[in-house]
Amino acid sequence: MKELRMKIAGKLDVRGLIDSVIFQIEMINPIALIATGAAMLALVAFLFWTGGPSEQDNEETLERVQHVIGKVGEFAQNSRRSLEDQQVQELAVMAATEPEKLTNLQQYVSGRIPNLISVDLFTTDLNTLRATELGPFGYAVLDMLFSTAETGEGPMQIHGKGEESYLAMTMLVGEQASPTGYLFAKMKPDALMTAFETALPKPGVFGLDQNNGRSKPTILSNLSAVPSQSERVVWLNVPKTLFRVGFIQGTVTSAPLGIMRPVFFVLGLLFLV
């Protein structure tokens with residue numbers, strides 16, 4: 001004991017400490033050593049399976065999610081460009097003063113948007129509109145029009161569910177300072193779902209929904225897996241739309257747990273040798 005205190009008080013004899021530990025281990029029953037080593041290796045395997053994903057795993061998942069968001073956003077952007085087209089804008093200006101030319105506008109837009117259902121032209125006097133007169137989703141339509149009056153375009157969104165659903169998009173006609181009117185286009189949602197599904201690494205790995213604010217989200221595509229207690233579902237927005245891409249994210253392994261894995265592995269091997 002006196003010698004040990006001298007070592008602690010002075011320079012620590014690391015070599016002597018290791019020899020002492022090895023000697024103490026050799027005095028233990030070999031069967032107990034083997035059992036202890038096997039238990040430690042089993043613990044390492046358990047920690048690898050239940051310790052959660054690494055930060056790199058989550059980063060790789062996030063990269064794949066961003067790719068899907070980009071493809072859905074690209075579809076939305078291309079659809080908006082169809083309404084921003086110079087010819088579309090000119091036809092819309094003509095139809096604003098000559099309503100009988102609205103048919104020409106609809107025919108031209110349908111050639112640029114194959115999945116088009118209809119396109120309507122609203123005047124700039126939105127205060128005269130009543131949501132009850134704009135169909136079953138009149139309040140959502142009116143909200144999009146007012147948003148377009150403020151920002152130049154409303155966020156792409158889906159109205160309704162099932163066969164009655166349609167993809168909605170609005171666009172300003174003319175200049176923001178002095179608009180001529182507002183375009184409101186209805187499209188079949190098939191093209192949106194195709195853009196989402198073809199971008200997936202595999203079916204069901206990510207989900208797609210629409211954020212409806214305080215109301216319940218509209219589920220467009222479900223996740224195939226159910227998150228465990230150590231996982232959560234994270235939703236990321238698609239720019240200039242109400243759509244979100246969801247994915248399952250696991251809790252990243254903590255730093256202490258990550259350090260203990262190799263420690264237990266080395267000790268397990270030592271006990272088995």
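Four strands make an open sheet in the order β1-β4-β3-β2, paired antiparallel; strands pair if DSSP finds at least two bridges between them. A further open sheet of four strands has the order β6-β5-β8-β7, again with antiparallel pairing. This is a predicted model, in which local features need pLDDT of at least 70, side-chain atom pairs count only at pLDDT 80 or more, and totals for chains, interfaces and linings use all residues. Residues are numbered from 1 along each chain as its sequence is written, and side-chain values use heavy atoms, with hydrogens and water left out. Helices (H or I, at least four residues) and strands (E, at least two) are DSSP runs, numbered from the N terminus.

- β1 pairs with strand β4 (residues 179-187) in the antiparallel sense over six bridges.
- Within that pairing, V119 stands opposite A185 in β4, and L121 has L183 of β4 as its bridge partner.
- β3 and β4 also run antiparallel, joined by eight bridges, and L172 stands opposite Y182 in β4.
- A hairpin is formed by β3 and β4, with four residues between them.

**Helices on this sheet**

- Helix α6 lies across β1 and β4 and runs at about 140° to β1.
- Helix α7 (residues 138-151) packs on the sheet and touches β1, β2, β3 (166-174) and β4; contact means heavy atoms within 4.5 Å.
- The direction of α7 makes about 30° with that of β3.

**The pair α5 and α6**

- The axes of helix α5 (residues 86-97) and helix α6 (residues 102-112) come within 8 Å and cross at roughly 160°.
- That angle makes α5 roughly antiparallel to α6, because angles over 145 degrees count as roughly antiparallel, under 35 as roughly parallel, 65 to 115 as roughly perpendicular and the rest as oblique.
- The crossing of α5 past α6 is left-handed, a term used if the near helix is turned anticlockwise from the far one by less than a right angle, with right-handed used if clockwise.
- On the α5 side the contact is made by Q87, V88, L91, A92 and A95, and on the α6 side by L102, N104, L105, Y108, V109 and R112.
- Eight residues of this contact are nonpolar, two are polar and one is charged; Ala, Val, Leu, Ile, Met, Phe, Trp, Tyr, Cys and Pro count as nonpolar, Asp, Glu, Lys and Arg as charged, and the others, Gly among them, as polar.

- Strand β5 (residues 207-210) and β6 run antiparallel and are joined by three bridges; Q210 has T218 in β6 as its bridge partner.
- Helix α8 (residues 190-199) packs on the sheet, where it touches β5, β6 and β8 (243-250), and its direction makes about 60° with that of β6.

**Salt bridges**

- The structure holds six salt bridges, each a side-chain nitrogen of Lys or Arg within 4 Å of a carboxyl oxygen of Asp or Glu.
- One of them links K71 with E74, whose closest N and O atoms are 3.9 Å apart.
- K71 and E74 are three residues apart in helix α4 (residues 55-84), so about one helical turn separates them.

Technical notes:
Axes are lines fitted to C-alpha atoms, for helices over the stretch in contact, and angles run from 0 to 180 degrees between N-to-C directions.
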